[in-house]
Amino acid sequence: MELWMTGIDHARAPLAVRERFAMTKRQQAWLLETLQTQEGVLGAAVLATCNRTAVWVHCLPGDTPPLVRRLCEAVEAPRADGAYLHSCTGEAAVQTLFETAAGLRSRIFGEDQILTQVKEALERARAGGFADGVIEVLFRMAVTSAKQVKTGLQTALVNTSAVDCALARLRETGYDLRGRRCLVIGNGKMGKLAAQALREAGADVTVTVRQYRGGVVEIPAGCRRIDYGQRLALFPQSELILSATASPNVTVKYEEAAAAGLRPGAVLIDLAVPRDIDPRVASLGVTLWDIDQFSVPETARLAEARAWAGSVLAAGEAAFATWYHCRDLIPRLDALSRRFGRDAANRISKEIPTSIRTQAASGAEKELRRLLFAVRDRAGAAAFRQCVEAVELAMDGRGRV
């Protein structure tokens with residue numbers, strides 16, 4: 001299986017290193033364009049999230065793409081940081097994507113956002129013409145399996161986002177959010193989720209927004225809004241500040257926070273990667289948490305959920321492997337189906353209307369494909385190949401259907 005994956009995540013690198021590999025959309029595009037010019041590369045897709053950056057590549061047999069070097073070049077990271085990157089190929093690369101899409105490799109087990117991010121990674125690769133047939137099917141099947149896991153995990157007692165874990169951490173310390181004045185910096189997916197969760201917990205929430213030409217920016221119901229450029233004005237009275245922007249740079253600088261004046265004892269939560277809040281802000285008499293300080297404790301219930309999810313994904317991975325090793329048979333199957341349809345139509349009396357004979361031919365084609373694909377999906381690649389060959393022999397007159 002000529003698939004390669006190289007990436008970095010929270011399990012292999014500290015936050016300071018992951019920040020250097022956080023990729024902008026422009027950097028992702030550069031990486032994909034560069035890989036496309038690499039000899040032997042047939043398709044590629046990049047997944048860049050808060051806690052991971054990874055690239056999957058489909059190559060010609062025998063080719064080994066220089067993914068570590070290209071990733072370092074894309075973000076201008078020191079070559080020494082390449083030691084934090086993990087690479088794998090074949091079935092391991094498939095497993096990595098399936099488990100990532102389902103949230104099994106997330107810092108917060110089963111977190112919800114990653115599935116959307118995997119879909120978006122495929123959409124970007126597809127839009128740029130970087131996703132060949134193998135990358136397309138790999139990501140689509142990973143998403144399908146991940147959806148099955150997500151549906152099953154709805155009944156599992158696990159948190160599904162960094163926001164959930166942050167609020168749980170606050171509750172553990174006895175922090176009551178009711179009536180607290182909270183400022184949420186960032187109005188993207190994570191920012192909206194945080195604002196809504198804080199509001200539902202009874203907090204008085206203000207959300208920063210950037211007004212663009214596209215119209216009014218929506219915020220969660222019950223929250224107030226403030227222009228992003230005015231955020232420092234709320235620092236002195238904010239008891240909790242949560243930042244979750246997609247900015248590649250620090251958005252709460254130490255000097256600005258010190259000059260604005262933070263409320264003594266305030267809690268600051270930074271859910272962004274790269275970090276939004278300068279770590280030195282912690283010296284200003286406040287509590288500062290970053291995303292690496294939130295995780296879900298392992299429990300017996302969580303272990304059961306992991307095992308069940310793993311079995312679902314294993315079936316999906318096996319289905320992809322079968323498709324991959326049988327994809328060369330698809331043109332032959334198409335030809336067989338057309339021949340089978342024509343033969344079925346020819347066996348019908350000429351007195352029957354042409355429209356009915358055409359429908360019969362179409363139905364015969366679909367039925368043969370359904371039967372052979374059932375063999376592929378249930379009995380595996382070897383049996384599928386044998387069946388296709390047997391039908392070809394029968395149709396060539398060397399056997400009987």
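This is a predicted model: local features need pLDDT of at least 70, side-chain atom pairs count only at pLDDT 80 or more; totals for chains, interfaces and linings use all residues.
**Cavities**

I started with the second largest cavity, which comes out at about 40 Å³. How many cavities of 30 Å³ or more does the count give? I get two.

Next I listed what lines the second largest cavity: Ile8, Arg18, Ala22, Thr49, Cys50, Asn51, Arg52, Thr53 and Val273. Sorted by class, that lining has four nonpolar, three polar and two charged residues.

**Largest pocket**

Then I moved on to the largest pocket, with a volume of about 1200 Å³. I found 38 residues in its lining. Which of them lie nearest the pocket centre? Those are Gly188, Lys189, Thr245, Ala246 and Ser247.

I also looked up where the lining of the largest pocket comes from in terms of secondary structure. Helix H2 (25–36), helix H5 (113–127), helix H8 (189–200) and strand E6 (204–209) each give at least two residues. The largest share belongs to H5, with five residues. By class I have 16 nonpolar, 15 polar and seven charged residues around this pocket.

**Aromatics**

I searched for ring pairs and the structure holds three aromatic pairs. I picked out phenylalanine 320 and tyrosine 324, whose rings sit 6.1 Å apart, centre to centre. How are their planes set? The angle between them is 40°, and the pair is tilted.

Why are these two separated by about one helical turn? It is because phenylalanine 320 and tyrosine 324 are four residues apart in helix H10 (residues 300–326). Buried or exposed, I wondered, for phenylalanine 320 and tyrosine 324? Both are buried. I also noted that Phe320 and Tyr324 belong to one aromatic cluster together with Trp323.

**Arginines over rings**

I checked for charges over ring faces and wrote down two cases. Arginine 180 lies over the face of tyrosine 175, at 4.1 Å from the ring centre. Arginine 231 does likewise with tyrosine 228, at 4.0 Å from the ring centre.

Cysteine 223 is in no disulfide either. For cysteine 223 the nearest cysteine sulfur is that of cysteine 182, 9.6 Å away. Cysteine 223 has 12% relative accessibility and therefore counts as buried. The cut-off I used for buried is under 20%.

**Overall**

I counted 13 helices and ten strands. What box do the C-alpha atoms fill along the principal axes? I get roughly 90 × 50 × 45 Å. Of the 401 residues, 49% count as buried.

Key:
Residues are numbered from 1 along each chain as its sequence is written. Side-chain values use heavy atoms; hydrogens and water are left out. On a 1 Å grid over the protein atoms alone, a cavity is a set of points where a 1.4 Å probe fits but cannot get out, and a pocket is an open set with protein on both sides within 12 Å along at least five of seven lines; lining residues have an atom within 4 Å of a point. Grid points are joined across faces, edges and corners, and a volume is the space filled by probe spheres set on the points. Ala, Val, Leu, Ile, Met, Phe, Trp, Tyr, Cys and Pro count as nonpolar, Asp, Glu, Lys and Arg as charged, and the others, Gly among them, as polar. Rings of Phe, Tyr and Trp (its six-membered ring) pair if their centres lie within 6.5 Å; planes under 30 degrees apart count as stacked, over 60 as edge-to-face and the rest as tilted. Buried means under 20% relative accessible area, exposed over 50%, partly exposed in between (1.4 Å probe, protein chains only). A charge sits over a ring if NZ of Lys or CZ of Arg is within 6 Å of the ring centre and within 35 degrees of the ring normal. A disulfide is a pair of cysteine sulfur atoms within 2.5 Å.
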